[in-house]
Amino acid sequence: PRPGYAAPERAHVAAALAFAGRDARPLIVQCYAGVSRSPAMAYALACAAWPDRDEAALAAELRRLSPSATPNPRIVALADDLLGRDGRMRAAIAALGRGAEAYEGEMFAWSLGDAADAEGLRP
């Protein structure tokens, strides 16, 4: 938390997970720079979409899709708790480390629906 900024809170992450889980329409996840908060939420959504998939494998896929991603650890921790991942999301993102230096991240697409099934990305 910093003066003038809103720190991610449990209610924010819970609301985003609930909103994304309503249906299978495409969803854009966006933050100011696309390096920390939006990759963290994309990772949380992937973990929610694939509850049986290994957290480290999902973190590796995030890094492949976005080399600059440095997921916000607070959002990841809150999602880890909400999704009942028992610290595995936290550990996977900590092991992933910092992404490539970037002023802003590049957009990436992470298919969490039928296309992922066809590509063999779903367990």
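Is asparagine 72 buried or exposed, and what is its relative accessible area? In this predicted model, asparagine 72 has a relative accessible area of 12%. Asparagine 72 counts as buried because this value is under the 20% cut-off.

## Overall make-up

The chain contains six helices and zero strands. Read from the N terminus, its elements follow the order α-α-α-α-α-α. The chain has 123 residues, and 37% of them count as buried.

Among contacts in the chain with a separation of 6 or more, 76% are between residues 24 or more positions apart. The chain has an accessible surface of about 7500 Å², and carbon and sulfur atoms account for 56% of that surface.

## Asparagine 72

Asparagine 72 sits in the loop that runs between α3 (55-65) and α4 (73-83). Its side chain has a polar atom 2.9 Å from the backbone nitrogen of arginine 74. The backbone nitrogen of isoleucine 75 also has a polar atom of the asparagine 72 side chain at 2.9 Å.

Leaving aside residues up to four places away in sequence, asparagine 72 touches Pro8, Ser36, Arg37 and Ala40.

## Helix α3

The buried residues in α3 are Glu55, Leu58, Ala59, Glu61, Leu62, Arg63 and Leu65. An α-helix has 3.6 residues a turn, so residues three or four places apart point the same way. The cover over the buried residues of α3 includes α2 and α5 (88-96).

## The largest pocket

Rolling a probe the size of a water molecule over the atoms shows where empty space is left. The largest pocket holds about 1000 Å³ of space. It is lined by 31 residues, and those closest to its centre are Leu27, Ile28, Val29, Leu45 and Trp110.

By type, the lining of the largest pocket consists of 19 nonpolar, seven polar and five charged residues. Both α1 (10-20) and α2 (37-49) supply at least two residues each to this lining. The most comes from α2, which gives five residues. Helix α2 is also part of the cover over the buried residues of α3.

How values were computed:
Residues numbered from 1 in each chain as written. Predicted model: local features only at pLDDT ≥ 70, side-chain atom pairs only at ≥ 80, totals over all residues. Heavy atoms only, no water. Helix = DSSP H or I, 4+ residues; strand = E, 2+ residues; numbered from the N terminus. Buried < 20%, exposed > 50% of the residue type's maximum accessible area, 1.4 Å probe, protein only. Polar contact = N/O pair within 3.5 Å; in protein donor to acceptor, adjacent residues only side chain to side chain. Contact = heavy atoms within 4.5 Å. 1 Å grid on protein atoms, 1.4 Å probe; cavity = no way out; pocket = protein on both sides within 12 Å on 5 of 7 lines; lining within 4 Å. Points joined across faces, edges and corners; volume = space filled by probe spheres on them. Nonpolar A, V, L, I, M, F, W, Y, C, P; charged D, E, K, R; others polar. Areas by Shrake-Rupley, 256 points an atom, 1.4 Å probe, with all protein chains shown as cover.
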